[in-house]
Amino acid sequence: MRTALNAPAPIPGHLAEDIEAIEISLLLEAIRRRWSYDFTQYSQASIRRRLDQARRAAGLAHFSEVLSHVLHDESFFDRLLGAMSVTVTELFRDPPCFRALREQLIPVFKTFPFVKIWCAGCATGEEVYSLAILLHEEGYLERARLYATDFNRHSLDIGEKGIYPRRLVERYAENYRQSGARAELSDYYSSSYDFVRMKEFLRERIVFSHHNLVTDGVFGEMNLVTCRNVLIYFDKPLQERALGLFSNSLRHGGFLCLGARETLQFSAIAPLFEVQDRRQKIYRKRGVPAHG
Ligand SMILES: C[S@@+](CC[C@H](N)C(=O)[O-])C[C@H]1O[C@@H](n2cnc3c(N)ncnc32)[C@H](O)[C@@H]1O
């Protein structure tokens with residue numbers, strides 16, 4: 001059933017759902033042509049759900065009204081874009097994955113003078129700070145540069161500042177302990193009122209930048225690419241595009257780490273990789289690693 005307020009009487013021969021599907025497809029087309037953000041290859045059930053929430057929050061009855069705002073109001077579009085991306089994340093999310101990165105990858109990195117790491121779909125930055133903490137504890141942070149990218153500018157701003165609500169810290173500290181902590185999480189932030197701020201020596205190793213996995217190109221010569229809990233929102237062809245991008249961004253012998261519900265299996269680039277850790281979704285690009 002149509003959920004919109006003040007829904008008109010259905011046109012004979014068309015279900016309300018059909019009309020809504022037409023409106024949504026026109027809306028996605030408008031977003032693509034007006035703002036160059038392409039959501040047509042995202043999993044449509046989740047896009048529809050998020051658009052519906054945004055429409056209700058804006059007090060609009062139909063998606064065609066949303067379309068009109070999208071075309072003519074940039075700040076409306078910015079808010080809509082925020083609502084369309086799921087930015088849920090944590091410090092040391094999925095602790096066993098960080099344990100595996102610590103135990104299996106850092107010993108390899110230590111054979112190189114310098115490493116580059118790309119954290120794609122970084123949301124508000126917790127994943128990349130977790131990686132920076134890990135590298136620091138292994139005495140390797142000074143020899144690493146971390147690139148954290150997302151298409152959500154608001155999330156990138158938060159990541160760049162490294163400021164997070166204090167109420168989340170207890171859960172993050174537990175994740176950190178489970179990942180094989182070498183210190184206390186509180187060693188890595190300073191507290192002020194209801195917030196914590198990640199320490200400068202971590203922030204200065206990270207470059208946050210805007211990058212859209214649908215339209216933008218490779219980040220060259222990476223030793224590790226992490227893209228966790230992003231591909232689940234994409235349809236298969238877009239997943240393939242992103243995986244191709246990661247493969248082309250990695251050096252031979254470089255690592256790719258995906259999220260718990262994502263896999264390289266069945267993808268076109270699978271033959272280019274060997275499995276490093278099946279459970280933690282860590283893969284290694286075949287070929288002789290170039291040193292330096
Ligand atoms: C659920 S968060 C994952 C955050 C983090 N990687 C983690 O696992 O905790 C998904 C992120 O992917 C980003 N994203 C979605 N589509 C994207 C695209 N086309 N290009 C870049 N980032 C995208 C969203 O903005 C969001 O911040």
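Helices (H or I, at least four residues) and strands (E, at least two) are DSSP runs, numbered from the N terminus. The structure is a predicted model: local features need pLDDT of at least 70, side-chain atom pairs count only at pLDDT 80 or more, and totals for chains, interfaces and linings use all residues. Residues are numbered from 1 along each chain as its sequence is written, and side-chain values use heavy atoms, with hydrogens and water left out.

Start with the annotation. An unreviewed UniProt entry places the feature "domain: CheR-type methyltransferase" at residues 23-264. UniProt positions follow the numbering used here, feature names are shortened, and annotations may be inferred rather than shown by experiment. In the model, that span is 46% helix and 18% strand. Its end C-alpha atoms lie 34 Å apart.

Next, look inside. A cavity is a set of points, on a 1 Å grid over the protein atoms alone, where a 1.4 Å probe fits but cannot get out; lining residues have an atom within 4 Å of a point. Grid points are joined across faces, edges and corners, and a volume is the space filled by probe spheres set on the points. Two cavities of 30 Å³ or more are counted.

The largest cavity has a volume of about 60 Å³. Its lining is L101, R102, L105, I106, F109, I117, L131, L134, L135 and L224. The largest share, five residues, comes from α5. For residue classes, Ala, Val, Leu, Ile, Met, Phe, Trp, Tyr, Cys and Pro count as nonpolar, Asp, Glu, Lys and Arg as charged, and the others, Gly among them, as polar. By these classes, the lining of the largest cavity has nine nonpolar residues, no polar and one charged.

The second largest cavity holds about 40 Å³ of space. V108, F109, F112, N223, H252, G253, G254 and F255 line it. Here α5 and β8 (250-258) each supply at least two residues. The largest share, four residues, comes from β8. The lining of the second largest cavity divides into four nonpolar, four polar and no charged residues.

Now turn to a sheet. Two strands pair if DSSP finds at least two bridges between them. An open sheet of three strands runs in the order β3-β5-β4, with antiparallel pairing. The edge strands, β3 (163-165) and β4 (189-192), each pair on one side only. Four bridges join β4 to β5 (residues 195-198).

Note on methods
1 Å grid on protein atoms, 1.4 Å probe; cavity = no way out; pocket = protein on both sides within 12 Å on 5 of 7 lines; lining within 4 Å.
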